[in-house]
Amino acid sequence: MSGVKSLRIPESLLKTIRHLARRQHLDESTAIRKLIAMGATEYAVQLYRDGKVTLREAAEMAEATPREMIEILLEHGVKGNVTVAQQRKAIEFVLSKT
């Protein structure tokens, strides 16, 4: 699903948009969408780092698979937020199913 939004963009951000558009041979709308996606990914990383969202939620926000999100998190120096107790419980669950 996509939507149309109208917004005022400060001149400083317009310069960034134009710079990206020129460097990557994009139209300005595509450059804006790309920058918004980058910001959404950074936001998802921050929320995950702070323990406010799950890996799956962060992945959805970043429009990535959970595996891709793990890679993104590692690139940002973020380790998993799963506790030892949670890992132990998951292992016990898997072992009980076999």
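Let me begin with threonine 41, which touches Ala62 and Ile72 once residues up to four places away in sequence are set aside; contact here means heavy atoms within 4.5 Å. This is a predicted model, in which local features need pLDDT of at least 70 and side-chain atom pairs count only at pLDDT 80 or more, while totals for chains, interfaces and linings use all residues. Residues are numbered from 1 along each chain as its sequence is written, and side-chain values use heavy atoms, with hydrogens and water left out.

Threonine 41 sits in helix α2. Helices are DSSP runs of H or I with at least four residues, strands are runs of E with at least two, and both are numbered from the N terminus. Is threonine 41 buried or exposed? Its relative accessibility is 16%, so threonine 41 counts as buried. The classes are as follows: buried is under 20% relative accessible area, exposed is over 50%, and partly exposed lies in between, with a 1.4 Å probe and protein chains only.

From there I turn to alanine 58, in helix α3. Alanine 58 lies 17 residues from threonine 41 in sequence, and the two C-alpha atoms are 8.0 Å apart in space. With a relative accessibility of 0%, alanine 58 counts as buried. Leaving aside neighbours within four places in sequence, alanine 58 is in contact with Ala44, Tyr48, Val53 and Met69.

This brings us to the cores. A nonpolar core is a set of buried Ala, Val, Leu, Ile, Met, Phe, Trp, Tyr and Cys residues joined through side-chain atoms within 4.5 Å. The largest one has 13 residues, and those touching the most other members are Val45, Tyr48, Ala58, Met69 and Leu73. At least two residues of this core come from each of α2 (28-49), α3 (55-61) and α4 (66-75). Which helix gives the most to this core? That is α2, with four residues. A second, separate core has five residues, among them Leu14, Ile17, Ala21 and Ala31. As general background, nonpolar side chains tend to be buried together in soluble globular proteins.

Not counting residues up to four places away in sequence, valine 45 touches Met69, Ile72, Leu73, His76 and Val78.

Next, the packing of the helices. The angle between α2 and α4 is about 80°, and their axes are 11 Å apart. Axes are lines fitted to C-alpha atoms, for helices over the stretch in contact, and angles run from 0 to 180 degrees between N-to-C directions. The two helices, α2 and α4, are therefore roughly perpendicular to each other; that class covers 65 to 115 degrees, whereas angles under 35 count as roughly parallel, over 145 as roughly antiparallel, and the rest as oblique. On the α2 side the contact is made by Thr41, Ala44, Val45 and Tyr48, and on the α4 side by Met69, Ile72 and Leu73. By class, this contact has six nonpolar residues, one polar residue and no charged residues. Here Ala, Val, Leu, Ile, Met, Phe, Trp, Tyr, Cys and Pro count as nonpolar, Asp, Glu, Lys and Arg as charged, and the others, Gly among them, as polar.

I come now to the charged pairs. How many salt bridges does the structure hold? There are three, a salt bridge being a side-chain nitrogen of Lys or Arg within 4 Å of a carboxyl oxygen of Asp or Glu. Arginine 18 meets glutamate 11 at 3.3 Å, N to O. Arginine 18 also pairs with glutamate 28, where the closest N and O atoms are 3.5 Å apart. This second pair joins distant parts of the chain, 10 residues apart, with arginine 18 in helix α1 (residues 11-24) and glutamate 28 in helix α2. Arginine 18 is partly exposed at 31% relative accessibility, as are glutamate 11 at 45% and glutamate 28 at 38%.

The remaining pair to describe is glutamate 71 with arginine 67, whose closest N and O atoms are 2.5 Å apart. Because they are four residues apart in helix α4, about one helical turn separates glutamate 71 from arginine 67. Glutamate 71 is partly exposed, at 35% relative accessibility.

Finally, the backbone. Most residues other than glycine have a negative phi. Histidine 25, although not a glycine, has a positive phi of about 55°. Histidine 25 lies in the loop between α1 and α2 and is exposed, with a relative accessible area of 73%. Glutamate 63 also has a positive phi, near 50°. Its place is the loop between α3 and α4, and glutamate 63 is exposed at 74% relative accessible area.
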